[in-house]
Amino acid sequence: MLAVPSLTKKLFPARRLTTLVSIPTLILLLASSAWGQQRILQNNLCDEPSGRVYSTGDRFLKTGRYLCLGERINPQNGSAVKVLCFLNRKILYLKQSTVFNTQICAPPPNEAVQCSVLNIVPCPHDYKGPDDEKNAPIVTSPYGSSIIDNRPEISWRSVPGADSYTVVVKGNGVNWEADVVNATHLSYPKEQKELQYGNTYTITVISNYSGQPLNYSPLVVHLLPLDDVQQIRDEVKQIKDLGLSPDEAAFRDLDAIYMSKLLLDESIKTLIARVVAGSQNPTLYRVLGDRYLGGLLPNEAEQTYTIAAQLALSSSNTSELSKVQSGLKLVKWLKNR
């Protein structure tokens with residue numbers, strides 16, 4: 001992670017800063033000029049970016065540039081500036097001079113249908129750990145209830161004593177089952193009809209011993225309509241075309257696009273790919289932990305949060321460490337219910 005020069009060292013000697021101008025006044029002065037527009041993030045005037053510019057329609061801001069709350073968008077005549085707000089996951093098209101503030105880029109009041117540190121209401125009231133459900137092959141992938149992959153990879157937790165599993169997929173135009181031995185995952189069979197966009201399906205995994213079923217675990221998933229899928233793919237392509245840092249693209253831009261449709265499956269798979277690639281970014285691991293919580297997978301969330309905490313400590317990232325600790329507290333609360 002690049003070290004960001006402190007404001008006091010970059011702009012003014014420390015002993016003169018308090019006598020010349022206050023920090024809030026300085027922020028306003030910088031944000032009102034093109035000079036300030038280019039340096040607001042470089043000089044660490046916001047804790048973290050809240051958005052990104054996605055078009056070339058602004059007079060001062062380049063495509064791909066981060067945005068801080070309080071900055072002004074200045075569209076050229078007849079142009080619209082495309083902006084992604086990380087906080088509410090919305091794509092904005094701004095055609096007139098606009099301050100990028102919490103009125104247009106406000107974080108959601110809660111994750112309406114996701115178990116998260118922002119909203120514990122959707123968290124399960126009857127959560128049971130693996131010791132209580134040792135005969136249930138909990139489905140772990142696809143993650144969440146909304147997907148765009150019409151041939152998803154299916155995986156589940158192993159069951160002690162089981163010598164095989166049966167995977168059953170049912171829904172509009174699809175009805176098949178397959179037996180799996182010595183594995184806890186199944187690639188969608190090529191000979192089976194793919195899931196249809198806009199439809200809902202049930203994926204059930206049954207644990208077996210000596211040909212007799214032990215227990216089962218169902219997962220209901222909804223495949224988004226094709227128009228939504230195409231829109232998401234277009235946005236993802238634009239993000240990749242910006243040539244961003246793979247880690248930051250994964251936990252900021254791609255996560256925002258996927259989670260705008262509550263696509264935990266796509267977000268988690270994208271973040272896992274960065275973990276496999278060797279990422280040491282604590283924010284990436286923390287966001288992955290958040291997404292596991294949204295998928296009601298506290299065990300996976302705890303493991304990921306623990307790694308995030310270690311990375312945040314080693315890099316002295318106190319802000320990220322605080323967020324990780326909130327996630328770990330929620331995991332503990334879930335397991336103690």
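D149 has 24% relative accessibility, so D149 counts as partly exposed. The model is predicted. The partner of D149 in a salt bridge is K269, with the closest N and O atoms 4.0 Å apart. D149 sits in the loop between β8 (146–147) and β9 (154–156), and K269 in helix α7 (residues 264–276), so the pair ties together parts 120 residues apart in sequence. K269 is at 34% relative accessibility and therefore also counts as partly exposed. Shared partners link D149, D265, E266 and K269 into one network of salt bridges.

**Salt bridges**

The count of salt bridges comes to 15. Three of them are listed here.

| Pair | N to O distance |
|---|---|
| R52 and D253 | 2.7 Å |
| K82 and E235 | 3.1 Å |
| D149 and K269 | 4.0 Å |

Take R52 and D253, which meet through their side chains. R52 lies in strand β1 (residues 51–53) and D253 in helix α6 (residues 246–259), so this pair joins parts that are 201 residues apart in sequence. Are they buried or exposed? R52 counts as buried at 3% relative accessibility. D253 counts as buried at 0%.

K82 and E235 are both buried as well. K82 belongs to strand β4 (residues 81–85) and E235 to helix α5 (residues 226–241), so their bridge ties together parts 153 residues apart in sequence.

**Two helices**

Helix α8 (residues 282–294) and helix α10 (residues 318–335) have axes that come within 10 Å and cross at roughly 25°. The two helices are therefore roughly parallel to each other. Their crossing is left-handed. On the α8 side, P282, T283, R286 and L293 make contact; their partners in α10 include E320, K323 and V324. By class, this contact has 6 nonpolar, 2 polar and 3 charged residues.

Technical notes:
Residues are numbered from 1 along each chain as its sequence is written. This is a predicted model: local features need pLDDT of at least 70, side-chain atom pairs count only at pLDDT 80 or more; totals for chains, interfaces and linings use all residues. Side-chain values use heavy atoms; hydrogens and water are left out. Axes are lines fitted to C-alpha atoms, for helices over the stretch in contact, and angles run from 0 to 180 degrees between N-to-C directions. Helices (H or I, at least four residues) and strands (E, at least two) are DSSP runs, numbered from the N terminus. Angles under 35 degrees count as roughly parallel, over 145 as roughly antiparallel, 65 to 115 as roughly perpendicular and the rest as oblique. A crossing is left-handed if the near helix is turned anticlockwise from the far one by less than a right angle, and right-handed if clockwise. Contact means heavy atoms within 4.5 Å. Ala, Val, Leu, Ile, Met, Phe, Trp, Tyr, Cys and Pro count as nonpolar, Asp, Glu, Lys and Arg as charged, and the others, Gly among them, as polar. Buried means under 20% relative accessible area, exposed over 50%, partly exposed in between (1.4 Å probe, protein chains only).
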